[in-house]
Amino acid sequence: MWWNQLQEAQWRQALPGQRHFTINRAFQPGMQRYAGTSWTGDGQDCSHKKTLSWSLYGQLYTSCDMTSPDATILVRQYQNAVFLPIMRVHQMHG
Amino acid sequence: MPRFPYLWGGPEHQVAFRKALNMRYHFLPHIYSLAHQAHTALRPLAIPAFYEFPDDPLGDSTYMFGSTILPAALAADGFRTPDENTTVVNLPANETWFAFNSTRAVSGGWTETRHDVPLDEMVVYIRAGAILCLQRDVVQYSDAIGGVLEVHVYAGHDGRFTLVEDDGATTKYLSGDTRSTEFLWSDASSKLSWSVTGAFSGDANSYTSLQAIVFRANATAPAVASVRSIGKGGSITF
C-alpha cells in the first residue's frame, strides 16, 4: 500500500488535477484510496466469487484477467469480463 | 502462437471477440455511472444478489452487476460450470427477468442451465424496472463516446437510474464538476422522464440526444422513441 501511496503522491506532483490509475498484483485493505486496482491472479482461476469477496473487503475495482491460451475459453473470458469492474487482457505464456 | 488474441481461433472467434468488446463500449455510460455511485455511496459495481434480494436462498452465490444486471456464470469463470459453452444462472424469485435487449421475459425463482450456448452469445438477464444508459453508436475507443444515448427500459416496475457524466480525465469531479441526468420510469403511466442537474456543462464526449427503447414482457417488439435534445429535462409517454 505504501507503493500505491508513493505512486499517487508522485503523480499528484507531476500531473496535478489528472486522474491516477494503476493495477496491482496484491491487495491491501485501504489501497482503493490511492486509485489502486488489482487483478485476481496470474492463473486461470478467477471467478465471480473472488471478485465479489474483494468487493466486500473494499476493493471495488478488480479485474478477472482474460488470460486463456485457448481461443474458445478466451472468448468466454472476454464475455465474462464485460460485466466486471475492469476488463483487461493479460497473459504470461512465452 | 502469435501474441495477439485476434489472430487465434477461427472467424467465429473473431466475431465473438468483437461482439464482446462492442458490448463493453455499449455499456460504458452505464458502467461509468455505476462507478460514480461507487465513489459517492461506496456501492460496489459487482454485488452478490443478496444486496438486492436479501431473502433469496441463493443470494450469496448469485452475481449481479449494478442493481439490475444479472450475467450468467460461464465455464471460464471457474465458478460452477463444466465446459465453456454451458452457462448457469440463478434467477432470484419474486421478480421478472428479461433476456438483455429483448422482450423475452421469465419469472424468477429457479436456476437456468443452458448447454451449447453459441460462441458469440452472452447470457445476460435484466431485471424488470431496469433503466440502462447505453452508448448507441459503435465506437472504437472511449474518446469517441457521446452523441446519442440509448436508454433501455425493462417494464414491469417503476425504475430510476442516474447517468453521471464528467470530463473523464481530471479530478474536478471531486469538487462536484459532474452532470447528473436522473431517469425515472413510471410503469403505471408508461412514462420515461428525466431531469438534468450539475455544474459540468458537457464536452465532445457528452450525450446530447436520446433514443429510448421500452421492453414489455413478451411483447412482439419493443417500443422505440427518440428525442433530439436531452436538454435540461423532458419526458416520453409510451
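In this predicted model, the area buried between chain A and chain B comes to about 3,800 Å², with carbon and sulfur atoms giving 67% of that area; buried area here is the accessible area (1.4 Å probe) that two parts lose on being put together, summed over both. Arg19(A), Arg76(A) and Phe83(A) supply 24% of the area that chain A buries against chain B, more than any other three residues. Counted by contact (heavy atoms within 4.5 Å), the interface takes 36 residues from chain A and 52 residues from chain B.

The rule finds two salt bridges between chain A and chain B, a salt bridge being a side-chain nitrogen of Lys or Arg within 4 Å of a carboxyl oxygen of Asp or Glu. One of them joins Arg19(A) to Asp167(B), with 3.8 Å between the closest N and O atoms.

On the side of chain A that touches chain B, the elements giving two or more residues are α2 (48-56) and α3 (71-81) of chain A. The largest share, eleven residues, comes from α3(A). Helices (H or I, at least four residues) and strands (E, at least two) are DSSP runs, numbered from the N terminus.

Turning to chain B, four strands form an open antiparallel sheet in the order β12-β13-β14-β17, where two strands pair if DSSP finds at least two bridges between them. β12 (159-165) and β17 (233-237) of chain B stand at the edges with a single partner strand each, so one side of each is left without a neighbour in the sheet. β12(B) pairs with β13 (residues 179-186) of chain B over seven antiparallel bridges, and Glu165(B) has Arg179(B) as its bridge partner in β13(B).

Elsewhere in chain B, β6 (residues 96-99) is joined to β7 (residues 105-107) by three antiparallel bridges and to β9 (residues 124-127) by three antiparallel bridges. Phe98(B) stands opposite Ala105(B) in β7(B) and has Ile126(B) as its bridge partner in β9(B). The hairpin of β6(B) and β7(B) has five residues between the strands, and Asn101(B) takes a positive phi near 60 degrees there.

Residues are numbered from 1 along each chain as its sequence is written, while chains are lettered from A and ligands numbered from 1 in the order in which they are written. Local features need pLDDT of at least 70, side-chain atom pairs count only at pLDDT 80 or more, and totals for chains, interfaces and linings use all residues, while side-chain values use heavy atoms, with hydrogens and water left out.
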